[in-house]
There are 2 protein chains.
Amino acid sequence: MAKIAALSGFPEWLPAERLVEQHVIDVFREVAELHGFSGIETRAVEPLEQLLRKGEIDKEVYVLRRLHAEEDGDDAREDRSRTLGLHFDLTVPLARYVLEHQNDLAFPLRRFQIQKVWRGERPQDGRFREFYQADLDVIGQDTLPGHIEAEVAVVMAEILDRLPVPAFTIHANTRRLSEGFFRALGLEDQAAVLRSLDKLPKIGEEAVRELLLTEAGATEEQARACLAFAAIRTRDASFAEQVRALGGTGEMVEQGIAELTAVLERVEAAVPGVIMADLSIARGLDYYTGTVFETFVTGHESLGSICSGGRYDALASDNRHTYPGVGLSIGLSRLVSRLLSAGLATASRAVPTCVLVSVGDESLRELSDAAARSLRRRGIACEVAPTAAKFGKQIRYADRRGIPFIWFPGTDGAADEVKDIRTGEQVAADAGSWEPPAEDRAVRVLGAAQE
Amino acid sequence: MAKIAALSGFPEWLPAERLVEQHVIDVFREVAELHGFSGIETRAVEPLEQLLRKGEIDKEVYVLRRLHAEEDGDDAREDRSRTLGLHFDLTVPLARYVLEHQNDLAFPLRRFQIQKVWRGERPQDGRFREFYQADLDVIGQDTLPGHIEAEVAVVMAEILDRLPVPAFTIHANTRRLSEGFFRALGLEDQAAVLRSLDKLPKIGEEAVRELLLTEAGATEEQARACLAFAAIRTRDASFAEQVRALGGTGEMVEQGIAELTAVLERVEAAVPGVIMADLSIARGLDYYTGTVFETFVTGHESLGSICSGGRYDALASDNRHTYPGVGLSIGLSRLVSRLLSAGLATASRAVPTCVLVSVGDESLRELSDAAARSLRRRGIACEVAPTAAKFGKQIRYADRRGIPFIWFPGTDGAADEVKDIRTGEQVAADAGSWEPPAEDRAVRVLGAAQE
């Protein structure tokens with residue numbers, strides 16, 4: 001057997017850890033479906049030329065080649081149109097899926113997608129080369145109402161709220177507000193202002209002020225106003241008064257205020273206390289055309305934004321239609337990895353099994369099988385002991401896996417008995433009617449506070 | 001936008017079709033967990049040299065290369081040990097996972113795994129290049145009791161029984177029985193006999209008889225006995241008498257009979273009417289070391305075996321331990337593809353949404369949002385109409401997606417009303433207490449017979 005070693009950048013979980021990841025996926029799906037989103041999956045590969053349309057991630061793409069083709073000396077570089085690469089996000093595939101299936105889809109399309117993506121990034125940066133992404137998008141055909149921006153944020157807020165994530169805040173801004181404000185100040189190169197403000201977390205206020213003066217053509221006063229604008233963070237609609245007090249006037253600013261206020265109010269109504277207007281959010285505002293979101297976890301700011309996205313006016317287009325959308329995306333593996341490494345979430349037991357049915361003697365295995373069938377018929381997960389070992393050994397088998405109950409089938413007319421391994425309490429029980437406590441029925445994933 | 005075209009061999013489903021696939025995955029997981037199996041996922045890639053240890057599928061492997069490396073002229077062939085390929089099944093990764101994590105796993109390990117695998121096969125054979133496989137294995141450390149063979153078959157029978165698959169039969173045989181019988185007849189080259197019998201479905205009885213005479217060194221009488229043996233198919237333990245009547249005697253034959261009988265009895269007890277002794281099942285008997293299974297669907301024999309596997313004595317081994325196992329695997333995408341194309345399974349509606357909450361006027365959207373929140377709080381999936389279009393248009397929106405109910409929030413103190421789009425019946429209702437009929441709450445996947 002060749003040497004077995006973990007591959008850096010390709011995370012893999014033990015069974016108990018996978019239960020946490022599965023829980024996060026389940027919650028995402030459950031909430032998305034509750035809001036009428038359809039789950040889809042796209043193939044893992046796209047033609048390389050499709051993947052390279054976003055030039056900047058060139059070097060991160062994994063290209064596929066059939067081993068056979070390689071041995072034949074066939075060179076994929078000769079025919080790039082037929083070369084396949086692994087998708088590096090779920091947006092490029094969604095755009096292709098929407099165009100390919102547009103005649104069979106109903107728009108607006110509400111879709112969620114939870115799949116692995118691959119990037120050839122350096123794993124030493126703490127980044128993964130293979131990871132789950134979980135996306136939520138509403139895609140319109142030619143038009144998409146503005147209020148969808150708030151709606152997608154509500155669904156994501158509900159998802160995050162149900163996860164064992166510590167206090168999180170969804171920071172929202174909208175392009176119209178920033179752009180309108182910079183215009184109202186008399187700044188002409190609004191993109192340069194955005195690019196400068198985008199560097200705030202990295203280089204700090206003083207250096208950004210320099211950039212605004214030298215690169216964005218701002219006066220001292222304009223620079224001061226921009227920095228004051230970017231410092232605005234409010235939980236409610238009061239950001240509007242602060243913007244106006246800084247000189248933000250005009251139709252575009254008021255439109256931006258109305259948009260952002262609607263987002264705050266709708267998210268607040270659904271999940272109180274998680275949304276915040278944060279006018280420093282600039283990243284992506286050149287790609288996104290409406291509201292933009294980033295999400296931070298208190299005490300885990302080093303993770304960066306765990307959930308980002310916003311409105312874009314053209315996910316895809318062809319001769320007949322343009323497809324605008326609103327989307328949010330969670331870097332699910334990165335989040336799960338932190339939940340696990342920081343002890344923020346653990347499974348209540350390592351296996352799905354609620355009851356280990358013991359076997360007193362191999363000749364009596366059918367008795368144990370029958371008891372297990374009875375329990376399973378009522379949805380109680382159980383397994384039958386693999387060997388008729390001494391009961392102490394069978395109890396250790398259960399204990400090692402965190403299985404809370406062990407079942408002893410009665411022989412010679414005696415009643416069955418069930419023992420709670422944690423308390424040692426053992427009582428007579430009938431496999432056709434016994435119920436474990438509700439909290440023991442299924443594996444639960446516990447947050448740090450509940451442990 | 002570049003031309004968008006489907007990629008042959010890479011199936012992709014529309015939302016309503018994906019609901020069927022998701023249902024199959026959900027059932028597999030639910031039943032596996034009910035039997036105490038832990039779900040794991042392994043990374044999609046393995047070192048190429050690990051993948052090539054099974055020489056015969058050489059040409060089917062997709063090799064990965066970072067686009068960056070390619071442009072640098074870095075040639076993966078120069079360092080095969082670092083080259084990665086996409087896994088082509090879930091068994092090679094399981095072997096590696098077990099060895100890598102052996103100190104952190106509890107044995108016997110009961111694991112299920114549902115993941116996509118990739119094979120560079122010719123798609124024109126009706127085969128997929130990317131597809132879901134769903135595996136169920138019990139892995140022991142150094143030892144694994146024989147009765148696990150029956151147990152894994154029971155779990156798989158329950159899974160298949162809950163799926164909208166038409167009448168299926170699990171065909172079982174065991175290596176000891178075949179080998180013991182051929183020995184009892186005095187045949188020395190048992191592997192050659194197995195290879196000959198393996199060709200029965202393809203070349204027929206007469207051609208196999210020729211092979212037995214010429215390749216396996218059988219006499220006319222031995223060949224006749226072998227063919228009679230391979231023709232034995234019984235739903236119960238009566239296969240044993242037929243084997244004995246053909247001259248099957250000795251310890252090995254009796255051991256094989258006992259094994260196979262135990263499998264039949266346990267599966268019959270759990271899921272009546274699906275298991276069958278079929279002594280023609282020879283394929284894989286040189287890899288498998290105990291019971292072997294193949295599963296066929298009545299009327300869909302062209303699919304081949306939809307679920308195969310058995311006992312193998314060494315999934316993996318290192319200096320300290322050997323890991324024997326029993327495993328069964330479903331080619332899930334292939335099965336789902338047939339369920340869909342043959343109309344054997346359909347989703348009761350195309351989207352998860354149970355209720356479309358209408359919007360009378362954009363200024364009243366918050367009323368609709370509030371009603372939707374009330375319904376969702378009780379787990380009723382709903383979405384709010386994207387625009388305050390005329391009610392006729394909103395009803396068509398719901399109808400097109402198969403959403404069964406449309407909700408009309410009351411204004412000016414009037415009660416809310418809900419309309420069943422199928423019957424046209426409209427009644428006053430309260431969003432805090434209204435319940436849809438149980439069969440409309442969640443999407444159901446219906447088999448052909450239930451439609």
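First, the conventions. The model is predicted, so local features need pLDDT of at least 70 and side-chain atom pairs count only at pLDDT 80 or more, while totals for chains, interfaces and linings use all residues. Residues are numbered from 1 along each chain as its sequence is written, chains are lettered from A and ligands numbered from 1 in the order in which they are written, and side-chain values use heavy atoms, with hydrogens and water left out.

I start with the two chains. Chain A gives 95 residues to the contact and chain B gives 94, where contact means heavy atoms within 4.5 Å. Together they bury about 8600 Å², and 55% of that is on carbon and sulfur atoms. Buried area here is the accessible area, with a 1.4 Å probe, that two parts lose on being put together, summed over both.

How many salt bridges are there between chain A and chain B? The count is twelve, with a salt bridge taken as a side-chain nitrogen of Lys or Arg within 4 Å of a carboxyl oxygen of Asp or Glu. Over all chains, the structure holds 63. A:Arg18 and B:Glu41 meet in a salt bridge at 3.2 Å, N to O. That pair joins two chains, because A:Arg18 lies in helix 1 of chain A and B:Glu41 in the loop between strand 1 (38–39) and strand 2 (45–47) of chain B. Helices (H or I, at least four residues) and strands (E, at least two) are DSSP runs, numbered from the N terminus. A:Arg110 and B:Glu383 form a salt bridge as well, at 3.4 Å, N to O.

Polar contacts between chain A and chain B come to 44 residue pairs, both residues at pLDDT 80 or more. The rule asks for a pair of N or O atoms within 3.5 Å; within protein, one must be able to donate a hydrogen and the other to accept it, and residues adjacent in sequence count only if both atoms are side-chain atoms. On the side of chain A that touches chain B, the largest share, eight residues, comes from helix 1 (residues 15–34) of chain A. By class, that side of chain A has 44 nonpolar, 16 polar and 35 charged residues. Ala, Val, Leu, Ile, Met, Phe, Trp, Tyr, Cys and Pro count as nonpolar, Asp, Glu, Lys and Arg as charged, and the others, Gly among them, as polar.

The chains also share strand pairing. Strand 3 (residues 62–66) of chain A pairs with strand 3 (residues 62–66) of chain B, antiparallel, over five bridges; pairing needs at least two DSSP bridges. A:Val63 has B:Arg65 as its bridge partner.

Now the domains of chain A. The assignment gives domain 1 (15–43 + 90–346), domain 2 (45–86) and domain 3 (355–450). The C-alpha centres of domain 1 and domain 3 of chain A lie 47 Å apart. Eight residues of domain 1 are in contact with six of domain 3, and the two domains bury about 500 Å², 67% of it on carbon and sulfur atoms. Between these two domains of chain A there are zero salt bridges and one residue pair in polar contact.

Last, the hairpin. Strand 17 (residues 416–420) and strand 18 (residues 426–429) of chain B pair in the antiparallel sense over four bridges. B:Lys419 stands opposite B:Gln426. Five residues separate the two strands, and B:Gly424 in the turn has a positive phi of about 85 degrees.

Terms used. Domain bounds come from an automatic or database domain assignment.
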